[in-house]
Amino acid sequence: MCELFGLSASRPLSAGETPLIRFPPRGGQTADNPDGWGLAWREPGDMAAGKFHLVKEPTPGWESPLFARLAEALVSDLVVGHVRKARFPPVNSENNTHPFRRQCCGRVWVFAHNGLVPEVVELERDNQERYCQPEGETDSEFAFCHLLGHLHGHPAGDWLAELARISELIAWYGKFNFLLSDGDHLIAYGHDRLHYLETAGDTEQVALIATEPLSGQGWTAFAPGELRIYRSGVLLERLLTHPPEPASKPAAMP
């Protein structure tokens, strides 16, 4: 049910230095995610501007020559990737393909989601103070807009706590694992299905995030409801939320 890939590093890494090359087969060949793929990344020359390059197709990732070329040639210190299993809605289109990109709070954000939170669609549609309008139909993009609506206008020094709070609330409605980036940080929320791998040397720091481990030993599963934020491969903060089992759902989301 969709898979995520994230990279945050202290220097731009070539694809041969990461397990990114193993990600395209997860798009329908070695895993049941045949309904689209996408990559968002920052190139070395774009560091100051925090500009994202975004490429995606509503086709099986393992069959895409473009995805294969990017996985082999991409050089970056910040990557968010996704392969999709279409469930809500079961429609393949470019607008329904992750990652999604929006501008908010003076920054450009990208977002990719693994899970299912369909009730957020109606909650966001009923929101009279809705911050952004989804271009597609997925519960994932509606959840992204809901997150940005809460971050918009929030005090700069406290946005991570607000992100943790609203992530926990959205997780009440189903499964909510995601990667989020503002062009500088890599933010990962593991509701129930996410792993990380951190490596540190004398000259570099690297953090990898994946739904399922893409290489050998060393991967660690997120604690349920764990939010981790990285910058240049370094873990800046870790927050633990406590999303309950969705047996008793709130009538509305604050």
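The model is predicted. An open sheet of 7 strands is present, with antiparallel pairing. The largest nonpolar core has 27 residues, and a second, separate core has 21 residues. A search of the whole structure finds 1 disulfide.

**Open sheet**

- The strand order in the open sheet of 7 strands is β3-β2-β4-β1-β10-β9-β11.
- β3 and β11 (220–221) stand at the edges with a single partner strand each, so one side of each has no neighbour in the sheet.
- β2 and β4 run antiparallel and are joined by 6 bridges.
- Trp37 has Val83 in β4 as its bridge partner.
- Strands of a sheet pair through backbone hydrogen bonds, either parallel or antiparallel.

**Helix α1**

- Helix α1 spans residues 65–73, and Phe67, Leu70 and Ala71 in this helix are buried.
- An α-helix has 3.6 residues a turn, so residues three or four places apart point the same way.
- Pro65, Arg69, Glu72 and Ala73 are exposed, on the face of α1 turned away from its buried side.
- The cover over the buried residues of α1 includes β2 (37–42), β3 (53–57) and β4 (75–83).

**Nonpolar cores**

- Within the largest core, the residues with the most contacts are Trp109, Leu163, Phe176 and Phe178.
- Two or more residues of this core come from each of β5 (100–104), β6 (107–116), α3 (139–151), α4 (159–171), β7 (175–181), β8 (185–190) and β12.
- α4 gives the largest share of this core, 8 residues.
- The second, separate core of 21 residues has Leu20, Leu39, Ala71 and Leu74 among its members.
- Ala71 is also one of the buried residues of α1.
- Beyond its neighbours within four places in sequence, Trp109 is in contact with residues including Phe100, Cys104, Phe144, Leu148, Trp159, Leu180 and Ile187.
- The contacts of Trp109 also include Arg101, Arg102, Ser181 and Asp182.

**Hairpin β5–β6**

- β5 and β6 run antiparallel and are joined by 5 bridges.
- They form a hairpin with 2 residues between them.
- Cys105, in the turn, has a positive phi of about 60°.
- Cys104 stands opposite Arg107 in β6.
- Cys104 has a relative accessible area of 1% and is buried, while Cys105, at 33% relative accessibility, counts as partly exposed.

**Disulfide**

- Cys132 and Cys145 are joined by a disulfide, with an S to S distance of 2.1 Å.
- The torsion about their S-S bond is about -125°, so the disulfide is left-handed.
- Cys132 lies in the loop between α2 (119–125) and α3, and Cys145 lies in helix α3, so the pair ties together parts that are 13 residues apart in sequence.
- Both Cys132 and Cys145 are buried.

**Glu226**

- Glu226 is found in strand β12, residues 226–231.
- The relative accessible area of Glu226 is 2%, so this residue counts as buried.
- The side chain of Glu226 makes a polar contact with the side chain of Arg228 at 2.4 Å and with that of Arg238 at 2.6 Å.
- Apart from neighbours within four places in sequence, Glu226 is in contact with Ala188, Tyr189, Gly190, Arg238, Leu239 and Leu240.

**Thr241**

- Thr241 is in the segment after β13 (234–240).
- With a relative accessible area of 5%, Thr241 is buried.
- The side chains of Thr241 and Tyr189 are joined by a polar contact of 2.7 Å.
- A polar atom of the Thr241 side chain lies 2.7 Å from the backbone oxygen of Gly225.
- Not counting residues up to four places away in sequence, Thr241 touches Ala164, Glu168, Tyr189, Pro224 and Gly225.
- Thr241 and Ser167 are 74 residues apart along the chain, and their C-alpha atoms are separated by 8.3 Å.
- Tyr189 is a contact of Glu226 and is touched by Thr241.

Conventions
Residues are numbered from 1 along each chain as its sequence is written. This is a predicted model: local features need pLDDT of at least 70, side-chain atom pairs count only at pLDDT 80 or more; totals for chains, interfaces and linings use all residues. Side-chain values use heavy atoms; hydrogens and water are left out. Helices (H or I, at least four residues) and strands (E, at least two) are DSSP runs, numbered from the N terminus. Buried means under 20% relative accessible area, exposed over 50%, partly exposed in between (1.4 Å probe, protein chains only). A polar contact is a pair of N or O atoms within 3.5 Å; within protein, one must be able to donate a hydrogen and the other to accept it, and residues adjacent in sequence count only if both atoms are side-chain atoms. Contact means heavy atoms within 4.5 Å. A nonpolar core is a set of buried Ala, Val, Leu, Ile, Met, Phe, Trp, Tyr and Cys residues joined through side-chain atoms within 4.5 Å. Two strands pair if DSSP finds at least two bridges between them. A disulfide is a pair of cysteine sulfur atoms within 2.5 Å.
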